[in-house]
Amino acid sequence: MDLGKLRKDIDSLDAKIVALLNERATISVQVGRAKAAGTRATSTDVDMTGDGSADAEAADQPPAQVYVPRREREVLETVVQLNHGPLSNEAVVAIYREIMSASISLQQQVAVAFLGPAGTHSHQAAMDRFGDSVLYVPMATIAEVFTAVEQGRTLYGLVPFENSTFGSVAQTLDRFISSPLQIRGETYLPIHHYLMSNSQLHSIRRVYSHPEALGQCQRFLDAQMPHAERISVASTALAAELAAKEIHAAAICNAVCAQLYGLSVVAPRVEDTAGNTTRFLVIARESDGVASAQSDRDKTLLCFTVDHRVPGALCDALRIFKEYGINLTRIDSRPDRLRNDRAGLWHYVFFVELVGHASLPAVRSALDKLAALCVDLKVLGSYPVMEGTIAAAPGSAV
């Protein structure tokens, strides 16, 4: 086997790959210019794939929505089907993630807010979803992520929504109640927690972390560190920063925090459940108005309030979904703080996630009927299902 010839073959292929990438990028730029000029293109948005192949009109959509997860899912599933090795599907998806990220950066600068600082699981999830070619803006709290998007300082935000071990993220639900923002997409991240410190395990007196992370590691903490004080902070990365400055302090955080903050790993993977996974939501000023070709490949999240003085009011509301054959995938509730302040205690906002896009006739009819029963009803957005796809499956290397 002639090593020199093989290397020349690789050089030749590299030249062709670079030429094709730039040809694709040129078309992506042309799509962006056409839409900026208000011409009719074949996409509702300046799509993240850069090929302009999603549906509808873009002329009057300020700001342009470059992240179109429905189309992104189609592209990634297509390239996986075309892949016959020896590259793994995960490797092909990772490559295309960066191609698409570079394409949108040529059309416009995209900023994504996340719960910071750098090194949080939110940061990792955002990078897995948007790639390396966008601007990431860390925020101190989940509420500030919403505010950044609402004020137009970033085009998108990424917020944790629920964890497979510890359940819903209350701060996210509470902010959805008052925010005008819509859900544009979802993504899943396998969560592994590490106990980090510059002290030995037996000498640790304080453990910092985000409350969700502390909750996901309760059994480990009870068994190994029952006397250590558990201190909740705004993020796992902030916990690492604090632990690095204090003697006898530790943090439960992401693996990357060891290098970022100069900490040692005292105990790896201390989460209570091996399949620990967090679902994150991409928030924007508008949702994707176009449904997937298959009705069960979209979800819709809504929140509503019923008159708790009416017997069976919640039961009557939920029965509507059964009448229209709509499957519900989650139900949650949060105190209605505004109404409790005005009208007394024990008013609640109910969150329901259903299978199907809000634009489908059955879903529209159900929501119309639901609105007649509710004190308040708000559709928080429709978005393509990403769980189980190669683009977002827990454990995939993207």
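## A walk through the predicted chain

P117 sits in the loop between β1 and α4 (121–130), where helices (H or I, at least four residues) and strands (E, at least two) are DSSP runs numbered from the N terminus.

Before going on, some bookkeeping. This is a predicted model, in which local features need pLDDT of at least 70 and side-chain atom pairs count only at pLDDT 80 or more, while totals for chains, interfaces and linings use all residues. Residues are numbered from 1 along each chain as its sequence is written, and side-chain values use heavy atoms, with hydrogens and water left out.

Back to the prolines. A cis peptide bond also joins G85 and P86, with omega at about 10°. P86 is in the loop between α2 (69–82) and α3 (89–107).

Now zoom out to the whole protein chain. Its secondary structure comes to 13 helices and 15 strands. Of its 398 residues, 48% are buried, meaning under 20% relative accessible area, with exposed being over 50% and partly exposed in between (1.4 Å probe, protein chains only). If you take contacts (heavy atoms within 4.5 Å) with a separation of 6 or more, 74% of them come from residues 24 or more positions apart. The chain exposes about 18200 Å², and carbon and sulfur atoms supply 55% of that; the areas come from the Shrake-Rupley method with a 1.4 Å probe, and for residues only the protein chains shown count as cover.

Next, have a look at the open sheet of four strands, ordered β13-β14-β12-β15 with antiparallel pairing. Two strands pair here if DSSP finds at least two bridges between them. At the edges are β13 (328–335) and β15 (376–384), each pairing on one side only. On average, neighbouring strands of this sheet are turned by 15° against each other, direction ignored. As for angles in general, axes are lines fitted to C-alpha atoms, for helices over the stretch in contact, and angles run from 0 to 180 degrees between N-to-C directions. Strand β12 (residues 298–305) and strand β14 (residues 348–355) run antiparallel and are joined by six bridges. Within that pairing, L302 stands opposite V352 in β14.

Two helices come with this sheet. Helix α11 (residues 313–323) packs on it, touching β12, β13 and β14, and its direction makes about 15° with that of β14. Helix α13 (residues 361–373) lies across β12, β14 and β15, and runs at about 160° to β15.

On to the aromatics. Rings of Phe, Tyr and Trp (its six-membered ring) pair if their centres lie within 6.5 Å; planes under 30 degrees apart count as stacked, over 60 as edge-to-face and the rest as tilted. That rule gives six aromatic pairs. For F114 and Y136, the ring centres are 6.5 Å apart and the planes are at 75°, so this pair is edge-to-face. F114 belongs to strand β1 (residues 111–115) and Y136 to strand β2 (residues 135–139), so the pair ties together parts that are 22 residues apart in sequence. Both F114 and Y136 are buried. Elsewhere, ring pairs link Y67, F130 and Y156 into a cluster.

H248 is not a glycine, but its phi is positive, near 65°. H248 lies in the loop between α9 (236–245) and β9 (249–253) and, at 24% relative accessibility, counts as partly exposed. R269, also not a glycine, has a positive phi of about 45°, and is in the loop between β10 (264–267) and β11 (277–284).
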